[in-house]
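Please examine the protein shown below before reading on.

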Amino acid sequence: MSPQVYPAKIAPAITALLAGGAILLLALGVVTLLLPRSGELPALAFMATGGLMQAIWMRTTYTINGSHLVIWSGPIRWRVPLEAITKIEKTSSTALMMGGTHLRFALSPEALMIYYEKRPGQKWFGLVEPAVLISPQNRDEFIQALQEAAPAANVVTA
């Protein structure tokens, strides 16, 4: 099976936040460099943070390959074994984007919560439950492809 790549759906408010924040932080970095006695470290921190926000905004994708659901969000990668996926739940909750003990890689409230079984002893710093929130552009097409790749997963469309 060839990998299927699905771009993230990005809500306009998230676009404004990430793009606007990135531009602001990059500009602050340049201004900080131009100020006398400000040093390079604060400028570098501003620019690195702005670059990270830009990367997340421009490069969040979800890939279904032969063995894993691979989530890229800027430089961050998260892999979920397909055989470990237990439930796929459609959601339209802004609250899930901001709170909870799951990983959040969704850039839109119209998202999918993917639940999966963890390996014994596996928990990211003991803080995160085995669930990830993602927002593919075409949720129904993504659910169909994921269900074909992980047939044991229960789909909830409530």
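How many aromatic pairs does the structure hold? The structure holds two. The model is predicted, so local features need pLDDT of at least 70 and side-chain atom pairs count only at pLDDT 80 or more, whereas totals for chains, interfaces and linings use all residues. Residues are numbered from 1 along each chain as its sequence is written, and side-chain values use heavy atoms, with hydrogens and water left out.

A pair of aromatic rings is described by the distance of the centres and the angle of the planes. Rings of Phe, Tyr and Trp (its six-membered ring) are taken as a pair if their centres lie within 6.5 Å; planes under 30 degrees apart count as stacked, over 60 as edge-to-face and the rest as tilted. Tyr 6 and Phe 142 form an edge-to-face pair, with 5.1 Å from centre to centre and 85° between the planes. Because Tyr 6 lies in strand 1 and Phe 142 in helix 4, this pair ties together parts that are 136 residues apart in sequence. Helices (H or I, at least four residues) and strands (E, at least two) are DSSP runs, numbered from the N terminus.

Phe 142 also pairs with Tyr 62: the ring centres are 6.4 Å apart and the planes stand at 70°, so this pair is edge-to-face. Here too distant parts of the chain are linked, since Tyr 62 is in strand 2 and Phe 142 in helix 4, 80 residues apart. Tyr 6, Tyr 62 and Phe 142 form one aromatic cluster.

Tyr 6 is buried at 8% relative accessibility, Phe 142 is buried at 0%, and Tyr 62 is buried at 0%.

The interior comes next. In soluble globular proteins, nonpolar side chains tend to be buried together. A nonpolar core is a set of buried Ala, Val, Leu, Ile, Met, Phe, Trp, Tyr and Cys residues joined through side-chain atoms within 4.5 Å. The largest such core has 33 residues, and those that touch the most other members are Leu 69, Ile 85, Ile 114, Val 132, Ile 134 and Phe 142. A second, separate core of five residues includes Ala 106, Ala 111, Met 113 and Leu 133. Contact means heavy atoms within 4.5 Å. Leaving aside neighbours within four places in sequence, the residues in contact with Val 132 include Ile 71, Leu 103, Phe 105 and Tyr 116.

The charged pairs form another part of the picture. Side chains of opposite charge can pair when their charged atoms come close. A salt bridge is a side-chain nitrogen of Lys or Arg within 4 Å of a carboxyl oxygen of Asp or Glu, and by this rule the count comes to three. One of them joins the side chains of Lys 9 and Glu 110 at 3.6 Å, N to O. Lys 9 lies in the loop between strand 1 (4-7) and helix 1 (12-34), while Glu 110 lies in strand 7 (residues 110-116), so the bridge ties together parts that are 101 residues apart in sequence. Lys 9 is partly exposed at 32% relative accessible area, and Glu 110 is partly exposed at 29%.

Lys 90 and Asp 140 meet in a salt bridge at 2.6 Å, N to O. This pair links strand 5 (residues 85-92), which holds Lys 90, with helix 4 (residues 139-149), which holds Asp 140, 50 residues apart. Lys 90 is buried, with 19% relative accessible area, whereas Asp 140 is partly exposed, with 48%. Lys 87 forms a salt bridge with Glu 89, where the closest N and O atoms are 3.8 Å apart.

Finally, consider Ser 67, which is placed in the loop between strand 2 (60-64) and strand 3 (68-73). Ser 67 is partly exposed at 36% relative accessibility. Apart from neighbours within four places in sequence, Ser 67 is in contact with Val 80, Pro 81, Leu 82 and Glu 83. The C-alpha atoms of Ser 67 and Ala 149 are separated by 8.2 Å, although the two residues are 82 residues apart along the chain.

Notes
Buried means under 20% relative accessible area, exposed over 50%, partly exposed in between (1.4 Å probe, protein chains only).
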